[in-house]
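Please examine the structure shown below. The explanation that follows it is meant to be read with the model in view.

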Amino acid sequence: CTKAVIEEASLFSSLDIILVTLLAGVVLYFVMNRKKPEPIPEFKKLDTPRLSGLNKQISYPNIIVFYGSQTGTGEEFANRLSKDAQRYGMKGMAADPEEYEMGELSRLSEIPNSLAIFCMATYGEGDPTDNAQDFYDWLQENDDEDLSGLNYTVFALGNKTYEHYNAMGKYVDKRLEELGAKRIFDLGLGDDDGNLEEDFVSWREQFWPAVCEHFGVEALGDESSIRQYVVKEHTDINMNKVYTGEIGRLQSFEVQKPPFDAKNPFLAPVTVNRRLNKAGDRHLMHLELDITGSKIRYESGDHVAVFPTNDSALVNKLGQLLGVDLDVVISLNNLDEESNKKHPFPCPTTYRTALTHYLDITQSPRTNVLYELAQYASDPKDQENMRKMASSSPEGKALYQSWVLDSCRSIIHILEDMPSLKPPIDHLCELLPRLQARYYSIASSSKVHPNSIHICAVVVEYETKTGRTNKGVATNWLKNKLVTDNGHKSTVPMYIRKSQFRLPFKATNPVIMIGPGTGIAPFMGFIQERGWLKQQGKEVGETVMYFGCRHKNEDYLYQEELEEAEKTGVLTQLNVAFSRDQEHKVYVQHHLKKNKENIWKLVNSENAHIYICGDARNMAKDVQAAFYEITEELGGMTRTQATDYVKKLMTKGRYSQDVWS
């Protein structure tokens, strides 16, 4: 490989070279470390540092905000913090650690008043997000790294319903200190089970004054709206150069090229889309995606990520409320020419495409969006309320909680309920978060279905306090993915996310699977795989299933398949809890306790592996409590000893969870 050579020039100071190294480190990273070829980004050399005005504003970033983000929130918070820096006479930059050579981190200390901020989300069972995995590995492997002189702080994003609450943020905070870095503000802990936005805003409000005090910078706190992007309309453009929904490469949906991943999804044709439940007002569905010829490989327990689109009726409604032509071709260009993020989403494109494919128009907007949009309300009362909701006052927080969050108001609902609010569409597009991929546990085994990926999901639809009907973006989009639509095959942009949720290496190990509702998804793959192993003449351990639903005659998912697996001996035990078919509700944990002797024998004597999939907030906790009780009673232990016993099973990979809240 060729090495990028930076010519020495008298105009370049050491500070320039540091920043160029940080920005261009990705080049070496991609060339030396990537497993598959990727285009190497080009980075322009920076001008000599300029100091101007009383605030000594600088032309290169001294506040770098690294983010570990799976669903986009960590990236969103990083962008807000980098924008904040400008209000304090500094220059910030949000950075994806996957795109930088983090081994150069120590050199940040050579830039005056420099600070590394880490917005780190935790994913799955205490894991780093995909884009922070390499950074996590680097932190773990480099014990002799000297980060003394590096100033840092961490804001962690997590959810208290999960076992390993904010594990990644806590680890980064602790590890940077161990390597000699200086923490200049306390670790912030955000809880998505409570109010993540409020946690972030409260932390941020104390953080910036502490930064100003640390660096001896005047806390200007300029609260005026700061634009990051400028709109450019294209009146005469070749439409082949316009993005129409592609995630990465232009026209990648017309000409598909492997390997397929988050930046290059595969368009998988839908071959099956059927309703699973026999009755009831919910819609539970089974879809099958054809991956023939894609070279995509998956294992039982992996997740499939799909890229949904917003409902066209909602997009049209937004255009109507703002009184704009959605089919204008535009680019939103970063005002900071040195930034490596040139656009907030693929450009050039149309407003219609941006609002359909790239932007989340259905989630409740965060407080910074309300604050920035308030200036466009012609009614002073609307302006006042929007600014109040974005403030840190108890009254403002309560209003935001009730009027926006509890009422599940999207930006469309806010525009409907505040007729005086008419923001320019380009500013709105700059502020809205990116529409994210949705993850589903794969409901099939590649041993049985090498060219097909199965999805099991429930359509989300509910009424809000304002009397509106809100619909889940992805599940309603999937529901409408008919096998043939006007003679055309329906397709789903998708890729595979590898998981640690795996069957035991030894097929002779018993497995205990607990998955009520759509939590059964990965276990359909496990059951298929155990059946396939038996057909190959392999010795297979006990395979025990605990499933739960509301009514036997309504939502007993995959009833025929499960009963057939029991009949053929693939399932050695099938236990089903019908919660509402009798006076007292019966759940999976009740069946576990009823079969406690068999459970304890399998776990304690036969090295069984336990798997739980489904709701994290209630079910997973109740199931864990049931295992504590069984261990305490039949293992003759105290509650503390029983808890330690189960925790050790987790550490050994014999108690695995694939849960969501």
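The model under discussion is a predicted one.

Two packed helices are described by the angle between their axes and the distance between the axes. In this model, helix 2, which covers residues 73–87, packs with helix 5, which covers residues 196–215. The angle of this packing is about 25°, and the axes lie 12 Å apart. Angles under 35 degrees count as roughly parallel, and helix 2 and helix 5 are therefore roughly parallel to each other. The crossing in which helix 2 passes helix 5 is right-handed.

Which residues of helix 2 meet helix 5? On the side of helix 2 they are Thr 73, Phe 77, Arg 80, Leu 81, Asp 84 and Ala 85. Their partners in helix 5 are Leu 196, Glu 197, Phe 200, Val 201, Trp 203, Arg 204, Phe 207 and Trp 208. Sorted by class, this contact of helix 2 with helix 5 comprises nine nonpolar residues, one polar residue and four charged residues.

The structure contains four cavities of 30 Å³ or more, and the largest cavity holds about 60 Å³ of space. Its lining consists of Asn 195, Glu 197, Glu 198, Val 201, Thr 367, Met 389, Ser 391, Lys 397 and Tyr 400. The lining of the largest cavity has three nonpolar, three polar and three charged residues.

The second largest cavity has about 50 Å³ of space. Among the residues that line the second largest cavity are Ile 599, Trp 600, Phe 627, Thr 631, Tyr 645 and Leu 649. Helix 18 (596–605), helix 19 (619–634) and helix 20 (639–651) each provide at least two residues of this lining. By class, the lining of the second largest cavity has ten nonpolar residues, one polar residue and no charged residues.

The second largest pocket has a volume of about 410 Å³. It is lined by 19 residues, of which His 357, Trp 477, Lys 481, Thr 491 and Pro 493 are the closest to its centre. Strand 19 (488–489) and strand 20 (491–497) each contribute at least two residues to the lining of this pocket. That lining divides into seven nonpolar, eight polar and four charged residues.

Terms used. Residues numbered from 1 in each chain as written. Predicted model: local features only at pLDDT ≥ 70, side-chain atom pairs only at ≥ 80, totals over all residues. Heavy atoms only, no water. Axes fitted to C-alpha atoms, helices over the stretch in contact; angles between N-to-C directions. Helix = DSSP H or I, 4+ residues; strand = E, 2+ residues; numbered from the N terminus. Parallel < 35°, antiparallel > 145°, perpendicular 65-115°, else oblique. Left-handed = near helix turned anticlockwise from the far one by under 90°. Contact = heavy atoms within 4.5 Å. Nonpolar A, V, L, I, M, F, W, Y, C, P; charged D, E, K, R; others polar. 1 Å grid on protein atoms, 1.4 Å probe; cavity = no way out; pocket = protein on both sides within 12 Å on 5 of 7 lines; lining within 4 Å. Points joined across faces, edges and corners; volume = space filled by probe spheres on them.
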